[in-house]
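Morning, everyone. Please take a look at the structure on the screen, and then we will walk through its side-chain contacts.

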Amino acid sequence: MSDNEILHSDEFVKFSQALTTPLTMQVSDLNNLYNKKNKDLRSELKRDWVIGYIFGWSNFLYQQSDFKEFKNGFWFILYGIYSKWKISGLEDFDEHGPFFKKIEKKIDEKNNDLFKGFEIGHEDATYNLKNRKKGVGHKISLTRYLQEQVSNEN
């Protein structure tokens with residue numbers, strides 16, 4: 001199968017939706033709170049911690065999937081999230097290469113907000129995957145982080 005065929009296959013589309021839906025739910029639940037406080041949720045989504053969280057969450061779950069050998073799929077999923085939420089400020093997939101390289105470099109450097117978000121996103125995804133059938137609550141650190149950000153601002 002070609003990259004294009006994989007990207008448009010029902011299996012990949014369903015997997016992408018399953019991977020991103022919990023992230024989208026965490027963010028969409030906060031729209032009303034941010035609007036009430038007259039704060040811009042979009043600007044919070046551009047923070048390094050959030051970018052790292054999304055990367056860590058997506059990376060862990062992608063590595064558990066049948067698509068892990070299809071490296072471009074991971075980048076297309078990230079592109080979809082970062083462009084949908086206007087995090088990257090870029091429109092086309094081809095423009096995201098340098099953006100993704102910066103993220104990877106910061107993650108490799110460790111000891112920064114992007115790396116901390118990456119670690120927490122990875123931990124949340126790991127916990128949720130292991131406990132998905134046990135009736136245990138979901139870890140939603142992205143929601144908590146964004147709630148703290150809006151509560152800490154005056």
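Which residue forms a salt bridge with Asp 124? Lys 139 does, with the closest N and O atoms 4.0 Å apart. Keep in mind that this is a predicted model.

Where do the two partners sit? Asp 124 is in helix H8, residues 113–131. Lys 139 is in the loop between H8 and helix H9, which spans 141–152. The pair links distant parts of the chain, 15 residues apart. Asp 124 is buried, at 0% relative accessibility. Lys 139 is partly exposed, at 28%. And Lys 139 has another contact: it lies over the face of Tyr 127, at 5.6 Å from the ring centre.

Now the other salt bridges. The count comes to 3. One of them joins Asp 48 and Lys 106, with 2.7 Å between the closest N and O atoms. Asp 48 belongs to helix H5 and Lys 106 to helix H7, residues 97–109, so this pair ties together parts that are 58 residues apart in sequence. Both ends are partly exposed: Asp 48 has a relative accessible area of 28%, and Lys 106 comes in at 33%.

Then there is Glu 44 with Arg 47. Their side chains meet in a salt bridge at 2.5 Å, N to O. Glu 44 is buried, with a relative accessible area of 5%, whereas Arg 47 is partly exposed at 31%.

On to the rings. A pair of aromatic rings is described by the distance of the centres and the angle of the planes. Searching the whole structure gives 18 aromatic pairs. Take Tyr 53 and Trp 57: they are stacked, 6.2 Å centre to centre, with 25 degrees between the planes. Both are in helix H5, residues 48–63, 4 residues apart, so about one helical turn separates them. Tyr 53 is buried at 0% relative accessible area. Trp 57 is buried too, at 3%.

Compare Tyr 62 and Phe 74. Their ring centres are 5.7 Å apart and their planes meet at 50 degrees, so this pair is tilted. Tyr 62 lies in helix H5 and Phe 74 in helix H6, residues 71–84, so the contact ties together parts 12 residues apart in sequence. Tyr 62 is buried at 1%, and Phe 74 is buried at 7%.

Tyr 62 and Phe 74 also belong to one aromatic cluster. Its other members include Phe 12, Phe 55, Trp 75, Tyr 82 and Phe 118.

That's my tour. Over to you.

Methods:
Residues numbered from 1 in each chain as written. Predicted model: local features only at pLDDT ≥ 70, side-chain atom pairs only at ≥ 80, totals over all residues. Heavy atoms only, no water. Phe/Tyr/Trp six-rings, centres within 6.5 Å; stacked < 30°, edge-to-face > 60°. Helix = DSSP H or I, 4+ residues; strand = E, 2+ residues; numbered from the N terminus. Buried < 20%, exposed > 50% of the residue type's maximum accessible area, 1.4 Å probe, protein only. Lys NZ or Arg CZ within 6 Å of the ring centre and 35° of its normal.
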